[in-house]
Amino acid sequence: MTWRDRLQRASFRGVEFRVEAHQSGSSRRVVPFEFPGRDEKVVQDLGRGLDVVRLRAYVIGPDYDRQRDALLAACRRAGPGTLVHPYLGRLEVRCTDFRVEERSTVGGLAVFTLAFIEAGGTAQGLFRADVAPVAAASEAAETLRTVAVDSWQERIAAAGPPGRSALAIAGRVRALADYVRALPYTGPAAEVASLLRDGRALADAAIDLVAVPSDLAGSVREIVVGIASAFESRRARVAVLLDLLEQSPTRSAAPVSGLFASRAASEDATDDLIRALAAAQVVDDAGEADWEFLGQATAALERLQAGVDELADRADAATYGALTGLVAAAPDVMPTEPASLPELERVELGRSAPALVVAYERYGDASRDGELAARNPRAVRHPGRLPAAETLEVLSS
């Protein structure tokens, strides 16, 4: 593998861009003392200065303006974030300066000058290091909920009189109720019963609620939030909500007009509302999800980004900005660094051995023998004997 193979795609807070040139460096913080009438000098070393990274970056292409706005939103956000540097890898940094240049003679291109410093710590006794990212992510999620509801009301109003699209909207809402009814819940019985009851009530009243869009949108929002509360594990909540985000009914490619156009536009708007609410709830729950290993968290983040990208393709300006803010906040609350979670590895045993022996040798904890057996049900027929020459899935730590 050469250095070219080790290059990484540049991004900040999950927003990708290209890099033309970079500079990085640091300094020693020293204070010289000079005394009158003496030749001796004293230099006091105050330690290493902050690492500084400067990038000349750009976004280009037919959607460059959206990429530009997304990168600007990521740079404007307070607090530390993850910079994927093409040459230096992943860095936790703070953006201290960002400037963008566009020229009328060159279309489809925005050139950025970016400056970052290492993230550093937080003042002890004042703040917990993880409070700011969690609060920012929660704020981004709530912003998306509000904007998505407003956008939905505007879109169905633009589609024509309510009577034209009432059945289409009600059909999408009933589909949400059917989805809720079919989920394998694991949460408190009272929460599950309440959610199912609300789902049935919404399905029954959907056609009437179309006449009061704000009430219908509020009920849909409560259902999506209720899905999360009906699962004990936050990781299970995220999985279910990502499935809902990825629900994208197949549309006919044939051109439509009149009544059919109104119905199609209302269906699309309602689908986008439900999926945007699901994306917001994913970010609310992902920060405290009980991830087992790093691959789970990174796969969830990739699914979230893909789903949001699809929504953004047909979003209005306000919704696009809210979606961009959500994606920019997500990497700060979802584990993306190897040090934060163990990796899932595949290994073979050189000899057959009991699970408790393997657990002790690998983790220094024989009580994790059940974990090995549970993670490899097909390979491990009995925990008293883990087979040799059989591929097993194990955690790195």
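Accessible areas come from the Shrake-Rupley method with a 1.4 Å probe. On this basis, the accessible surface of the protein comes to about 21,200 Å². Carbon and sulfur atoms account for 52% of that surface. The model is predicted.

The protein has 397 residues, and 40% of them count as buried. Its secondary structure comprises 12 helices and 11 strands. Contacts between residues at least 6 apart in sequence were also examined. Of these, 73% join residues at least 24 apart.

The mean pLDDT is 78. A value of 70 or more is reached by 77% of the residues. Among the elements, strand S6 (residues 52-60) has the highest mean pLDDT, at 91. Strand S10 (residues 344-348) has the lowest, at 66. Over residues 122-131 the pLDDT is below 50. Beyond near neighbours in sequence, this stretch has two contacts in the model. Where pLDDT is low, the predicted coordinates should not be read in detail.

Salt bridges were counted next. The total comes to 17. One of them joins Glu 267 to Arg 172, with the closest N and O atoms 3.6 Å apart. Glu 267 lies in helix H8 (residues 258-286), whereas Arg 172 lies in helix H4 (residues 162-181), so the pair ties together parts that are 95 residues apart in sequence. The two partners fall into separate accessibility classes under the cut-off of 20% for burial. Glu 267 has a relative accessibility of 22% and therefore counts as partly exposed. Arg 172 has a relative accessibility of 19% and therefore counts as buried.

Arg 172 also forms a salt bridge with Asp 271. Here the closest N and O atoms are 3.4 Å apart. This pair again links distant parts of the chain, with Arg 172 in helix H4 and Asp 271 in helix H8, 99 residues apart. Both Arg 172 and Asp 271 are buried.

Asp 243 belongs to helix H7 (residues 234-245) and Arg 303 to helix H9 (residues 294-312), so the contact ties together parts that are 60 residues apart in sequence. Asp 243 is partly exposed, because its relative accessible area is 34%. Arg 303 is partly exposed as well, with a relative accessible area of 29%. Elsewhere, salt bridges form a network that links Glu 142, Arg 145, Arg 221 and Asp 284.

Arg 48 was examined for its surroundings. This residue lies in strand S5 (residues 41-48). Arg 48 is partly exposed, with a relative accessible area of 42%. Residues up to four places away in sequence were set aside in listing its contacts. Arg 48 then touches Ser 26, Ser 27, Arg 28, Arg 29 and Glu 118. Arg 48 and Ser 26 are 22 residues apart in sequence. In space, their C-alpha atoms are 7.4 Å apart.

Key: Residues are numbered from 1 along each chain as its sequence is written. This is a predicted model: local features need pLDDT of at least 70, side-chain atom pairs count only at pLDDT 80 or more; totals for chains, interfaces and linings use all residues. Side-chain values use heavy atoms; hydrogens and water are left out. Helices (H or I, at least four residues) and strands (E, at least two) are DSSP runs, numbered from the N terminus. Buried means under 20% relative accessible area, exposed over 50%, partly exposed in between (1.4 Å probe, protein chains only). Contact means heavy atoms within 4.5 Å. A salt bridge is a side-chain nitrogen of Lys or Arg within 4 Å of a carboxyl oxygen of Asp or Glu. pLDDT is the predictor's confidence in each residue, from 0 to 100.
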